[in-house]
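Me: Please take a close look at one part of this model for me. I'd like a connected walk through the local details there, with the terms spelled out as you go.

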Amino acid sequence: MNARTETPSGAGARPGRHGDPVLRRIGRGLALPFLPSDRAAAHLAKGEALQRAITTGRRIVVTRPRAGADEATVTALLASVFAHYRHDRVLTLDITPGSNSLARRLGVTPSSSLGEVARRRVSASSFEELTPHLAHVRDRLWMLPAVHSGPDATALDAGAFQETLLPITRYFGVTLIDRGADVFDGFNRAAQASAHAHVLVAPATAEGAADIGRGFDWMTTQGDASLPERIVVVLVEQSPDEDPRFDHEGAAEVLRQSGAEVVRIGYDRHLAHTDGLVPRRLAASTHAAATTIALEALRRAVR
């Protein structure tokens with residue numbers, strides 16, 4: 001039952017392209033000794049903020065308004081950032097039915113699931129009793145799907161969330177819950193409602209920004225006008241110059257008026273051409289964006 005961990009793109013596979021071209025990486029290395037001290041100080045300040053003590057585990061739901069935005073990639077990026085900076089454990093949970101996108105991005109093959117934990121009535125009285133059901137990604141990072149595919153797959157409801165997931169999250173400083181679009185079963189609704197902060201992922205296009213804006217309008221009509229203050233919007237460029245006429249800064253300014261933060265992740269060759277995510281091969285701009293997203297989500301989760 002122990003989860004098996006694989007290399008990011010399968011055993012023996014190459015880890016994929018670098019996000020930055022070789023000349024850019026060389027130039028950045030040569031320029032490093034000459035960078036202004038305030039830039040280094042800002043980087044250290046972000047790291048210290050991400051290490052802030054948390055008295056109870058925080059749950060951050062990562063989702064998308066509609067199909068087409070790869071929220072699993074953003075979840076994996078955030079997981080890598082939190083696991084790198086924090087001194088406590090980090091859990092990633094994929095609750096999208098029939099999806100293994102997050103497991104592929106993290107480079108693991110889970111052999112158990114939250115559904116199996118519920119079905120077997122596994123005691124959550126200690127972290128050691130849970131470890132056989134968790135896929136260990138690296139260092140302090142763990143992964144668990146909601147429902148493991150197979151004949152023994154167990155559907156989950158709101159009761160399973162309260163009785164199974166909530167007791168597990170107390171062993172982790174941060175739990176990232178990957179939730180796909182258009183999934184409204186009781187378990188998903190309970191997970192969404194339990195979030196201390198939300199990360200909404202959309203393509204870095206005019207239509208993607210409009211989807212987020214329509215979602216904020218809907219929240220207002222439902223009486224949830226304050227919810228955007230707990231949201232970080234992530235606009236992801238999935239191909240070079242995906243929407244050349246898209247005014248990112250203008251759209252971001254409009255969305256920020258609701259209280260949300262907006263961060264853009266530019267096109268990254270490593271993410272585009274590799275299933276498994278290897279942090280050291282990401283573009284420098286992707287590293288910086290993921291760190292900012294993690295920091296903003298954590299700030300909102302502990303308010």
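**A loop residue, and on to a helix**

Reply: Let's start with Arg121, which sits in the loop between helix 5 and helix 6 (127-130); helices here are DSSP runs of H or I with at least four residues, strands are E runs of at least two, and both are numbered from the N terminus. Keep in mind that this is a predicted model, where local features need pLDDT of at least 70 and side-chain atom pairs count only at pLDDT 80 or more, while totals for chains, interfaces and linings use all residues. Residues are numbered from 1 along each chain as its sequence is written, and side-chain values use heavy atoms, leaving out hydrogens and water.

Arg121 is not a glycine, yet its phi is positive, about 50°. Its relative accessibility of 73% makes Arg121 exposed (exposed is over 50% relative accessible area, buried under 20%, partly exposed in between, with a 1.4 Å probe and protein chains only).

Helix 8 spans residues 186-194, and its buried residues are Phe187, Asn188, Ala190, Ala191 and Ser194. Seen down the axis, these fall within an arc of 165°, so they line one face of helix 8; the arc is taken from the directions from the helix axis to the C-beta atoms. Arg189 and Ala193, on the other side of helix 8, are exposed.
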